[in-house]
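Dear colleague,

Please find the sequence and the structure below. My notes on what was found follow directly after them.

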Amino acid sequence: MDADLRISLHAWMVLTRTFDDAMVSMWKQGRGLGGTFSQRGHEAISVGAGMALGPDDVVAPMHRDLGTYLVRGMSPERIFSNLLGKATGPSRGRDANLHGMGDLGLGIIGYISHIPQALPTTLGAAMAFRYRGERRVAMTFVGDGGTCSGGFHETLNMAALYRAPFVLVIENNQYAYSTPLHQQMAVSDLAARAASYGVAAERVDGNDVEAVYRAVSAAVERARNGEGPSAIEAVTMRMLGHAIHDGAEYVPAELLEEWAAKDPIERHRNVLLEDGVVDTVDLEKMREVAQQRIAEAIAEAEKAPYPDPATVTEGVYA
Ligand SMILES: Cc1ncc(C[n+]2csc(CCOP(=O)(O)OP(=O)(O)O)c2C)c(N)n1
Ligand SMILES: [Mg+2]
C-alpha cells in the first residue's frame, strides 16, 4: 500500500478519535449535546471503509461511523453543530445527534435511526445506479444486533438476486446495547450469515485499518464491475457504553482490557513506525493538527445560531 495512503488512513483515524474524545468530554461538562454515541474502537472500520469509496459513490453511515462522515468531507464544524442542535448542522437543528446527518452533495444518505432501515434504502440507491447504467456503488453499515432484524435478510436476498452494486459492512462489536452476541443469535459467524444469501462475504479484523480498506476496496471494485454485492464482517469491540448514559457495567473488564491492547490507532501507529513510514515527530504533529482542528470546530459550532423557530415545519413532509 502506498505510503501516502497509509498516512492518510492514520490521520483520519486520529482526527476521528480526537473528535470522539472531545464529544465525550463536552457531554460530561454539560455543554448541551444531544444523543452521544461514541465510536471508540470503530475508527479502523469507519475510516477504512469510507476511504474505499469513490467520489460518485454513496454511503449511509450508522451511529458509530463518525470517521466515514469525516472522510466523505463533512466538516467537524458541521458535525459539532449538529450535536449542539445548531442551525448550521446538516439536520439544521432538528436532530442533535450523529443521526440525521445526510448530505447528498457529499454522497451521504442521512442516517435512518430505525435499525436496519438504512439497508433497504441503500439497496434502492444501488438499484437506481444499476437501472441507469451508472458505475456507482452504494454502501451501508449494520451492527451485529441489526443483523437479527428482518430488513438485513430481505436486503441481502434481493441484493444478491439482482447483483446490485451494494456493499454492506457489518460492524460486529460484540454487543447490541447490553446484549452480548451469544444472547442475540445461535451463530457467531456473521459473514457466513450474509454468505447464505449468495453475496460475497468475508470476515476481517476490524481493528486493522489496512485490512478493512483492502477488503472494502475489493468489494467496491466487484460492485462497480457488475460482479454483485458483498458483505464484510469487521470484528471489533464497542469500547464504551451504547451511548454516553450507559456505563456498560455489564461488559466484563477483561474483555475491554483484551481489546484495549488491540486499539486500532495504537496498532497502526506501531506498524507505520516499524515500516519507517512515519517517525514520532510526524505522529506528534498529526495529533496536534487534529487537536487544533477539533478545537476550532467546537468554537465555531458553539458560536453558531440555533434554528429560527419559524422554520420548524420546514422539511416535514407528512
Ligand atoms: C427498530 C429499532 N429498535 C430499537 C432501536 C434502538 N437501538 C438503537 S441502536 C440499538 C442497538 C444496536 O446494536 P448493534 O446493531 O449491534 O449496533 P451497535 O450499537 O452495537 O453499534 C438499539 C436497540 C432502533 N433504533 N430501532
Ligand atoms: Mg453491536
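A polar contact is a pair of N or O atoms within 3.5 Å; within protein, one of the two must be able to donate a hydrogen and the other to accept it, and residues adjacent in sequence count only if both atoms are side-chain atoms. By that criterion, a polar backbone atom of Gly146 lies 2.9 Å from an oxygen atom of ligand 1. The protein covers 71% of the 580 Å² of accessible area that ligand 1 has on its own (areas come from the Shrake-Rupley method with a 1.4 Å probe, and for residues only the protein chains shown count as cover).

Before the remaining findings, two notes on conventions. This is a predicted model, in which local features need pLDDT of at least 70 and side-chain atom pairs count only at pLDDT 80 or more, while totals for chains, interfaces and linings use all residues. Residues are numbered from 1 along each chain as its sequence is written, chains are lettered from A and ligands numbered from 1 in the order in which they are written, and side-chain values use heavy atoms, with hydrogens and water left out.

The ligand site

An N or O atom in the side chain of Arg64 is 2.7 Å from an oxygen atom of the ligand, and a polar side-chain atom of His63 lies 2.8 Å from a ligand oxygen. In total, 15 residues surround ligand 1, and the closest are His63, Arg64, Gly145, Gly146 and Tyr175 (a residue is near a molecule if one of its heavy atoms lies within 4 Å of it). The shell divides into five nonpolar, eight polar and two charged residues; here Ala, Val, Leu, Ile, Met, Phe, Trp, Tyr, Cys and Pro count as nonpolar, Asp, Glu, Lys and Arg as charged, and the others, Gly among them, as polar.

Positive phi values

Arg163 is found in the loop between helix H6 (150-161) and strand E3 (166-172) (helices, H or I of at least four residues, and strands, E of at least two, are DSSP runs numbered from the N terminus). Arg163 counts as partly exposed because its relative accessibility is 46%; buried means under 20% relative accessible area, exposed over 50%, and partly exposed in between, with a 1.4 Å probe and protein chains only. Tyr177, with phi near 55 degrees, lies in the loop between strand E4 (175-176) and strand E5 (179-180). At 40% relative accessibility, Tyr177 is therefore partly exposed.

Buried positions

Is Arg72 buried or exposed? With 12% relative accessibility, Arg72 counts as buried, and its place is in the loop between helix H3 (66-71) and helix H4 (76-83).

Asp20, in helix H1 (residues 3-28), counts as buried because its relative accessibility is 0%. Asp20 and Pro76 are 56 residues apart in sequence, with a C-alpha to C-alpha distance of 11 Å. Glu77 belongs to helix H4 and is buried at 12% relative accessibility. From Glu77 to Ala234, 157 residues away in sequence, the C-alpha distance is 29 Å.

Val47 is part of helix H2 (residues 43-51) and is buried, with a relative accessible area of 0%. The C-alpha atoms of Val47 and Glu258 are separated by 22 Å, the two residues being 211 apart along the chain.

With kind regards
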